[in-house]
Amino acid sequence: MQAEENCFFRFATGNKNLMLRLARASQLLGSARRSIWLPAVQPLNEKEALPSVTVQEKQGKYFLVDAGSDPVSPWHDLPYRADTGQDAFTFVCEIPKNTKAKMEINKDQPHNPIVQDVKKGAPRFYHEAIPWNYGCIPQTHEDPRRPDHLTGIKGDNDPVDVVEIGDQPLAIGQSVHLKVLGALALLDEGETDWKIIAINRNDPRAADLRNVSDIPGIVDHIRTWFRDYKIPDGKPPNEFAFKGKPVLPAAAISVVDTAHEHWRKLFRGSQ
């Protein structure tokens, strides 16, 4: 991996336009004090069919590769929306249902492998298994410099998170199309951290579910789980905007579409 990183930075150093784009992205995200790896060219497959990819595990890192064995970024290279004309979004699974390891897309490393989060040198685990598939929507970004258009509070500098409530556990790196049912606006240490509530479109229940009002018990469980999951670490319960009430699909979709525009600004270097 070190050789790959050195190769990338040698290429970037010799590419004036790329260096300017990276510098602008770094400035855009300066308040977060974290670098973000961007492909040399902005992907244009924003509403296309999911490409054929496989997941390769290397020393605890999960990489996506295409049919030609070329690397695929789960954050930048997968389309955020389906090409079917429906409001179907792409979901990338980071944490499979009923597991504890806190896996996430690494925003800094080339091609954004999915890795286990580390805190104080130790791999992180939830104190209890998460009861749903958990991951994100590619080509989205919750901007830390702009107030969210619904909560009025700046974003957490990550892709938009998804709680996928389908019956079947998904694998790390697996991608499926979602039916959006609503969302909860988690406020995590002063940042907006939306949790889109959705279901795999191939799940047998998907056709019968309209929105979060059809699953009040599941919404309560999601709210309680994300409110309390940091308490065993000695932290206070998390809070939610809108008094913890979920928003309906139209508002949730506007969250995703807005985050997609913020992702596009990473490449334009807009502020």
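Colleague: Which residue stands opposite Leu186 in β14?

Modeller: Asp193 stands opposite Leu186. This is a predicted model, in which local features need pLDDT of at least 70 and side-chain atom pairs count only at pLDDT 80 or more, while totals for chains, interfaces and linings use all residues. Residues are numbered from 1 along each chain as its sequence is written, and side-chain values use heavy atoms, with hydrogens and water left out.

Colleague: What makes β13 and β14 a strand pair?

Modeller: Two strands pair if DSSP finds at least two bridges between them. Strand β13 (residues 175-188) has 10 bridges to β14, and the two run antiparallel, so they pair under that rule. In their hairpin, which has two residues between the strands, Glu189 takes a positive phi near 50°.

Colleague: How many bridges join β12 to β14, and do they run parallel or antiparallel?

Modeller: Strand β12 (residues 160-164) is joined to β14 by four bridges, and these strands run parallel. Val163 stands opposite Ile197 of β14.

Colleague: How do you know that β14 is mostly covered?

Modeller: Buried means under 20% relative accessible area, exposed over 50%, and partly exposed in between, with a 1.4 Å probe and protein chains only. Strand β14 spans residues 191-200, and nine of its 10 residues are buried. Over the 271 residues of the protein chain, buried residues make up 51%.

Colleague: What counts as a helix or a strand, and how many of them are there?

Modeller: Both are DSSP runs, numbered from the N terminus: H or I with at least four residues for helices, E with at least two for strands. The protein chain has four helices and 15 strands.

Colleague: Why is the Tyr126 and Tyr229 pair given the type it has?

Modeller: Rings of Phe, Tyr and Trp (its six-membered ring) pair if their centres lie within 6.5 Å; planes under 30 degrees apart are stacked, over 60 edge-to-face, and the rest tilted. By this rule there are 10 aromatic pairs. For Tyr126 and Tyr229 the centres are 5.7 Å apart and the planes stand at 80°, so the pair is edge-to-face. Tyr126 is in strand β10 (residues 125-130) and Tyr229 in the loop between α3 (216-228) and β15 (239-240), 103 residues apart.

Colleague: Are Tyr126 and Tyr229 buried or exposed?

Modeller: Tyr126 has 8% relative accessibility and counts as buried. Tyr229, at 16%, also counts as buried.

Colleague: What type of pair do Trp263 and Phe267 form?

Modeller: Their rings are 5.1 Å centre to centre with 70° between the planes, which is edge-to-face. The two residues lie in helix α4 (residues 249-268), four residues apart, about one turn of the helix. Trp263 has a relative accessible area of 0% and is buried; Phe267 is buried at 6%.

Colleague: What makes a nonpolar core, and how many residues has the largest?

Modeller: A nonpolar core is a set of buried Ala, Val, Leu, Ile, Met, Phe, Trp, Tyr and Cys residues joined through side-chain atoms within 4.5 Å. The largest has 38 residues, and Trp132, Ile165, Ile197, Ile222 and Phe226 have the most contacts inside it. Its largest share, four residues, comes from α3. A second, separate core of 24 residues includes Tyr80, Leu170, Val176 and Ala198.

Colleague: Which residues does Ile165 contact, leaving aside its neighbours within four places in sequence?

Modeller: Contact means heavy atoms within 4.5 Å. The partners of Ile165 include Trp132, Leu181, Ile197, Leu209 and Ile222. In the protein chain, residues 24 or more positions apart account for 71% of the contacts with a separation of 6 or more.

Colleague: Why is Asp203 called buried, and what does its side chain reach?

Modeller: Asp203, in the loop between β14 and α3, has 8% relative accessibility and therefore counts as buried. Its side chain reaches the backbone nitrogen of Asp167 at 2.8 Å. A polar contact is a pair of N or O atoms within 3.5 Å; within protein, one must be able to donate a hydrogen and the other to accept it, and residues adjacent in sequence count only if both atoms are side-chain atoms.
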